[in-house]
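I opened my notebook and started looking things up, a few elements at a time. Here is what I wrote down.

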Number of protein chains: 2
Amino acid sequence: MLKRPLVVRESDLSLLVDLYELAMAQAYWSEGMDDTAVFSLFFRELPDNRNFILACGQQNVVRVIESLAFTDEHIKRLESLNRFQSGFLDWLRGFRFSGSVHAVAEGTPLFPQEPLLEVEGPVAEVQLLESLVMNYVHLESVLASKAVRLTFAAGDRPVVDFGMRRTHGVDAAHRSVRAYRLAGLAGTSNVLAGLDFNMPVYGTMAHSFVQACPDELDAFRAYARLYPGTTLLVDTYDTRTAVRRIIQWLKEEPEVRIGGIRLDSGDLAAEAVDCRNMLDEAGFTDIKIMASGGLNEHKIAKLLSAAAPIDGFGVGTAIGVSNDEPALELAFKMTEYADLPRMKNSPGKQSFPGRKQIYRRLGTDGCITQDVVAGRDEVFDGDPLLKPVMKHGQVPEDAIPTLDDQVRAAEQMIATLPQRFRSLEPLGENPVVISEFLRALQKDTLAKVGGG
Amino acid sequence: MLKRPLVVRESDLSLLVDLYELAMAQAYWSEGMDDTAVFSLFFRELPDNRNFILACGQQNVVRVIESLAFTDEHIKRLESLNRFQSGFLDWLRGFRFSGSVHAVAEGTPLFPQEPLLEVEGPVAEVQLLESLVMNYVHLESVLASKAVRLTFAAGDRPVVDFGMRRTHGVDAAHRSVRAYRLAGLAGTSNVLAGLDFNMPVYGTMAHSFVQACPDELDAFRAYARLYPGTTLLVDTYDTRTAVRRIIQWLKEEPEVRIGGIRLDSGDLAAEAVDCRNMLDEAGFTDIKIMASGGLNEHKIAKLLSAAAPIDGFGVGTAIGVSNDEPALELAFKMTEYADLPRMKNSPGKQSFPGRKQIYRRLGTDGCITQDVVAGRDEVFDGDPLLKPVMKHGQVPEDAIPTLDDQVRAAEQMIATLPQRFRSLEPLGENPVVISEFLRALQKDTLAKVGGG
């Protein structure tokens, strides 16, 4: 068996390209095409079950872009494909991205046709970024767009990420937590990601610990000794029996401190009501009830609308893979080359050519009233959302806020969503207006390329 | 901004745990519980749209298990959580997994209640593996279980992976290709993964190259010069116009060799018929037609049942995230501790205790007739599917075949699926029988833990 790395190394990210990018780069090189191109990352339509996308990853991906380089080992591996000329491989050897990136802030709610980012630079250089940039931004935007719905459903109750076991691989296990912080989740069970992304880490026991102990109460006693104020998992055998025994034990040993119980199966609403009643009647009103087990935003909304006395939620699969909408049809499209607007005319896949800006207008209530997608040099009322985060291949000092600042800014931006956009049901509305200039440019460009 | 690694480093995988695993490990350590535990990785039910799961990753995850260790830096980071005692941190410092793993072969079709793998070892050691093992195996099994359906739909036409831009992060972008090889896909667009996993790499051009050139035909000419026999993307502006111009050009320059055209939008069946007719009438019967653009197994089956003259398919989103079933409810459950069978009794989540073996019986046609899930020490007719892949923390020489051998074995195992299990529609049937011994053991164990 080949001894390959168990995970993708940072130094190998430059080879994580689709072959056509290298083929096109060589063709640009071979044809002497080295003018500036502009590529835009956007989506044409919202997924059916989303009223907006919480764009995440588009600022931090420039750290990845900055790091890309081809080593001698990479060049040797590419030679083995028998498709590349030595002159082009030399060009790759000298490759460092020299272009610029504009991006919206991390955690910006976006709508169709609004660029998450725009890259400009020598065409072959930008072309090489396509799949990696899409992959990087797609992950965090998809997961954050799901996670923020959980916070809408849960209101002021904390939602904690339990999704690591379901996320697709270890990069997703890690960066999901960054997306969840931006989306407003309260914590994670994931130790590495919690430490790396400065998010509170939670977790006490699985059923296995209870199963391994001679008796369920032995397990609870051990935890109370080691972790005063812990949360006990009560559904390993029978929830109500477990809670009854906990109450009896706590009455006998009043010095023991238990912070909460966790329900992980069964009829959560009915069990929460019964457990709350049992605890309250025994005077343990401060013991909280946490719920987990196949939860999603709809189930949480239903539990809370039934007034289930649940104080917090752990969510796994639903946010770990964004199971109702695991993909976003992000496109990374050339919109300008050699100072001329460019577009394709494939059925259902038309785009707007040219460099762009988004102007976001807020009403007197602080909520979004309209987004104008305009040419980069147009000026409209409203806040311009696309800001430079990379110039000449470098990230300017202070161009990218700290994650803590990004999280605060995201919270403010999420707060600008009108109430109806927070609905868990599809709204079928979006506040985007395309500027007259862009519409005219599309029409002109279409006429020139022979379509329309 | 903190300078953290852009991707998870191999050396940090040991910290990629859910906090409760560390909390339980400390509790086992603190309580002096160090007997042997057995944990089983299995699923209770098939996803609605799957007739089997193609189990992948369960052998190779032992390479990950083998690598796990806690560095001084890890220990320092764990100390910062203020939950761990110095004696336990010392135990972690000395941690190397010392247990054993049984697993089914890579690419084995499995059904509910059949273990993908079983781990045994000192309880705290096995507990620490839970989320990482689940994450690792889940990714490849989910993606392979989707990809194999594409091969069923496409029959003898090749299916090529275009999914990198949609896979959830870079680990998924990489290991997806390993899963696709095991599932029988013909190639990938992904350079790094194709090289690492020895899969043919394909790709020619995107719309951007056509857009950047002064004229579509300039783009095609450049590619024909650089890449004789290339596949031309023909839908940037108007497919039929593009094909008409290609035919005229090839008639004028008979020395030019074009291998195929690719359709990426529109009514693929109608366009394929028209393009095929145009090419055939002009005598270019050897130019192949490839199709891509939002394809999945159902669309491919429909195209082929309509006799669309398409010679191969590129598939992205559908396989990249397994969009109809992006998750599998894998469970990693304790089934034995200190030589006693263990199980939980949560509603809808009962499991079978004890170490297990799967005996697969094939009919005279070579197809699966029955799987018996039995106790490890029971003997039944049929092939035992669970084999040792790790003993005392080491992978025995030759315990894990090369990927090429795994792919060949997977092909043979997929061939043992009865025809009805290859249906794209839910079958609602599974060939699993639980042995009398296991049923009795479940009943006994249930009685002892106070349930049933």
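**Strand 11 of chain A**

I began in strand 11 of chain A, where Val159(A) stands opposite Phe313(A). Before going on, I noted that this is a predicted model, in which local features need pLDDT of at least 70, side-chain atom pairs count only at pLDDT 80 or more, and totals for chains, interfaces and linings use all residues. Residues are numbered from 1 along each chain as its sequence is written, chains are lettered from A and ligands numbered from 1 in the order in which they are written, and side-chain values use heavy atoms, with hydrogens and water left out.

Helices (H or I, at least four residues) and strands (E, at least two) are DSSP runs, numbered from the N terminus. Two strands pair if DSSP finds at least two bridges between them.

I then looked up the pairing. Strand 6 (residues 159-161) of chain A pairs with strand 11 of chain A in the parallel sense, over three bridges. Strand 10 (residues 288-291) of chain A also runs parallel to strand 11 of chain A, with two bridges. In that pair, Ala291(A) stands opposite Phe313(A).

Which way do the residues of strand 11 (residues 312-315) of chain A point? Gly312(A) and Gly314(A) point one way, Phe313(A) and Val315(A) the other, and all are buried. Buried means under 20% relative accessible area, exposed over 50%, and partly exposed in between (1.4 Å probe, protein chains only).

**Strand 9 of chain A**

Next I checked strand 9 (residues 258-263) of chain A. Five of its six residues are buried, so strand 9 of chain A is largely enclosed by the rest of the structure. Strand 8 (residues 230-233) of chain A runs parallel to strand 9 of chain A, and four bridges join them. One of the bridge pairs is Thr230(A) with Ile258(A).

**Two buried residues**

Is Lys146(A) buried or exposed? Lys146(A) is buried, because its relative accessible area is 2%. Lys146(A) is found in helix 5 (residues 123-154) of chain A. I listed its contacts (heavy atoms within 4.5 Å). Leaving aside neighbours within four places in sequence, Lys146(A) touches Arg50(A), Glu297(A), Ala318(A), Ile319(A), Ser322(A), Asn323(A) and Asp324(A).

Then I went over to chain B. Ala212(B) is in helix 8 (residues 207-212) of chain B and is buried, with a relative accessible area of 4%. With neighbours within four places in sequence left aside, its contacts are Tyr28(A), Met33(A), Met334(A), Tyr337(A) and Arg342(A).

**Helix 10 of chain B**

I tested the length of helix 10 (residues 239-252) of chain B. At 1.5 Å a residue, its 14 residues should span 20 Å, and the end C-alpha atoms are 20 Å apart, which agrees. The expected span is 1.5 Å times one less than the number of residues.

Which residues of helix 10 of chain B are buried? They are Thr239(B), Ala242(B), Val243(B), Ile246(B), Ile247(B), Trp249(B) and Leu250(B). These cover an arc of only 165° around the axis, which puts them on the same side of helix 10 of chain B. The arc is that of the directions from the helix axis to the C-beta atoms. The face turned away from the buried side carries the exposed residues Arg244(B), Lys251(B) and Glu252(B). What covers the buried residues includes helix 9 (216-226), strand 8 (230-233), strand 9 (258-263) and helix 11 (268-281) of chain B.

**An open sheet in chain B**

I traced an open sheet of six strands in chain B, in the order 13-12-1-5-3-17, with antiparallel pairing. Its edge strands are strand 13 (340-341) and strand 17 (387-390) of chain B, each pairing on one side only. Strand 3 (residues 100-103) of chain B pairs with strand 17 of chain B over three antiparallel bridges. Ala103(B) has Lys387(B) in strand 17 of chain B as its bridge partner.

**Chain A overall**

Finally, I counted up chain A. It has 15 helices and 18 strands. Its C-alpha trace spans about 85 × 60 × 40 Å along its principal axes. Of its 452 residues, 64% are buried.
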